[in-house]
Each structure stands twice: as structure tokens, then as C-alpha cells.
Amino acid sequence: QVRLVESGGGLVQPGGSLRLSCAASGSIFTIDAMEWYRQTPGNERELVAKSNRVGSIKYAESVKGRFTIARDNAKNSVVLQMNDLKPEDTAVYYCYMRVMLTTARWGDRWGQGTQVTVSS
């Protein structure tokens, strides 16, 4: 059973920073995609940042230059460093991983979500 556990959300003032972490545990051969999404009430979950195991990284336009995704393949973990936060960044943030469970099977796993609130 592979689980993702997130940490690091909270309340921060505009212009502040937060660091989200997500670690996978369980029987894992390897992990391809490691991604961060966010969701606000009444809206669909949107992609914030994504990375794959060959080093490709992409960001949503709204966070470019402010957020940084970084993965540690040896530790099966990913972080999202968020700087210069704005009120519109307020959301529940979810990590996602595409995990190779066996040599022939992949699985999609989601973290439990962590609240980020940007307010003065």
C-alpha cells in the first residue's frame, strides 16, 4: 500500500513564503510524475507544478517565478517552495505521484491535501 503524506500548509501574510512537502511510503519501484495541484471551493483542481523523473518541470503561469518544485528521488519525496504568496494562492494543495507499484503496474496516488491561506 503506497501512501502520500503532505505537510507544511498554514496561514501566511501576503508576500510571505511557505514550503509544502510530500513523501511517499510503501512498496515503490520508482516514481515518474510528481506534481502539485490546488483547489478552491466550487472549482476544479488545477495543476500548479509538475516534474517527471527525467527532469522536465512545468509551472502554471500564475505561479511562475514564485513557486519552485523540487524532488528527491532517493527519498520518494517532493517539495513546493512558495514565495511572494498572494491571496489568490489560497487553496487546498494536493500532491500527486505516478508510482510504479510492480514491474508491470503503475498507480496514481494523491496526498490528503493541506490548506494554504494567504491573508493579512
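Contact is defined here as heavy atoms within 4.5 Å. The structure is a predicted model, in which local features need pLDDT of at least 70 and side-chain atom pairs count only at pLDDT 80 or more, whereas totals for chains, interfaces and linings use all residues. Residues are numbered from 1 along each chain as its sequence is written, and side-chain values use heavy atoms, with hydrogens and water left out.

Strands (E, at least two residues) and helices (H or I, at least four) are DSSP runs, numbered from the N terminus. Leu80 lies in strand E8. When residues up to four places away in sequence are not counted, Leu80 touches Leu18, Arg19, Leu20, Trp36, Val48, Ala49, Phe67, Thr68, Ile69 and Tyr93. The relative accessibility of Leu80 is 0%, and this residue counts as buried; buried denotes under 20% relative accessible area, exposed over 50%, and partly exposed the range in between (1.4 Å probe, protein chains only). A separation of 6.6 Å is found between the C-alpha atoms of Leu80 and Ala70, which are 10 residues apart along the chain.

In soluble globular proteins, nonpolar side chains tend to be buried together. Val48, leaving aside its neighbours within four places in sequence, is in contact with Trp36, Tyr37, Arg38, Lys58, Tyr59, Ala60, Val63, Phe67, Leu80 and Tyr93.

One disulfide is present, a disulfide being a pair of cysteine sulfur atoms within 2.5 Å. Cys22 and Cys95 form this link, with an S to S distance of 1.9 Å. The link is right-handed, with 45° about the S-S bond. Because Cys22 lies in strand E3 and Cys95 in strand E9, the pair ties together parts that are 73 residues apart in sequence. Cys22 counts as buried at 1% relative accessibility, and Cys95 counts as buried at 0%.

Six salt bridges occur in the structure, where a salt bridge is a side-chain nitrogen of Lys or Arg within 4 Å of a carboxyl oxygen of Asp or Glu. A network of salt bridges links Arg38, Glu46, Arg66 and Asp89. Within this group, Glu46 and Arg38 meet through their side chains at 2.7 Å (N to O). Glu46 is partly exposed, with a relative accessible area of 38%, while Arg38 counts as buried at 7% relative accessibility. The side chains of Arg66 and Asp89 likewise form a salt bridge, at 2.7 Å (N to O). This pair links distant parts of the chain, 23 residues apart: Arg66 is in the loop between strand E6 (57-59) and strand E7 (67-72), and Asp89 is in the loop between strand E8 (77-82) and strand E9 (91-102). Arg66 counts as buried at 9% relative accessibility, as does Asp89 at 0%.

Another salt bridge joins Arg98 and Asp108, whose closest N and O atoms are 2.9 Å apart. Here too the pair links distant parts of the chain, with Arg98 in strand E9 and Asp108 in strand E10 (residues 105-110), 10 residues apart. Arg98 counts as partly exposed at 29% relative accessibility, and Asp108 counts as partly exposed at 41%.

Glu6, located in strand E1 (residues 3-7), is buried yet has no salt bridge. The nearest side chain of opposite charge, that of Arg45, is 7.5 Å away from Glu6; Lys and Arg count as positive and Asp and Glu as negative, with His and the chain ends not counted. A polar atom of the Glu6 side chain lies 3.0 Å from the backbone nitrogen of Cys95, and the backbone nitrogen of Gly113 lies 3.1 Å from a polar atom of that side chain. Residues touched by Glu6, not counting those up to four places away in sequence, include Cys22, Trp36, Tyr93 and Cys95.

Methods. A polar contact is a pair of N or O atoms within 3.5 Å; within protein, one must be able to donate a hydrogen and the other to accept it, and residues adjacent in sequence count only if both atoms are side-chain atoms.
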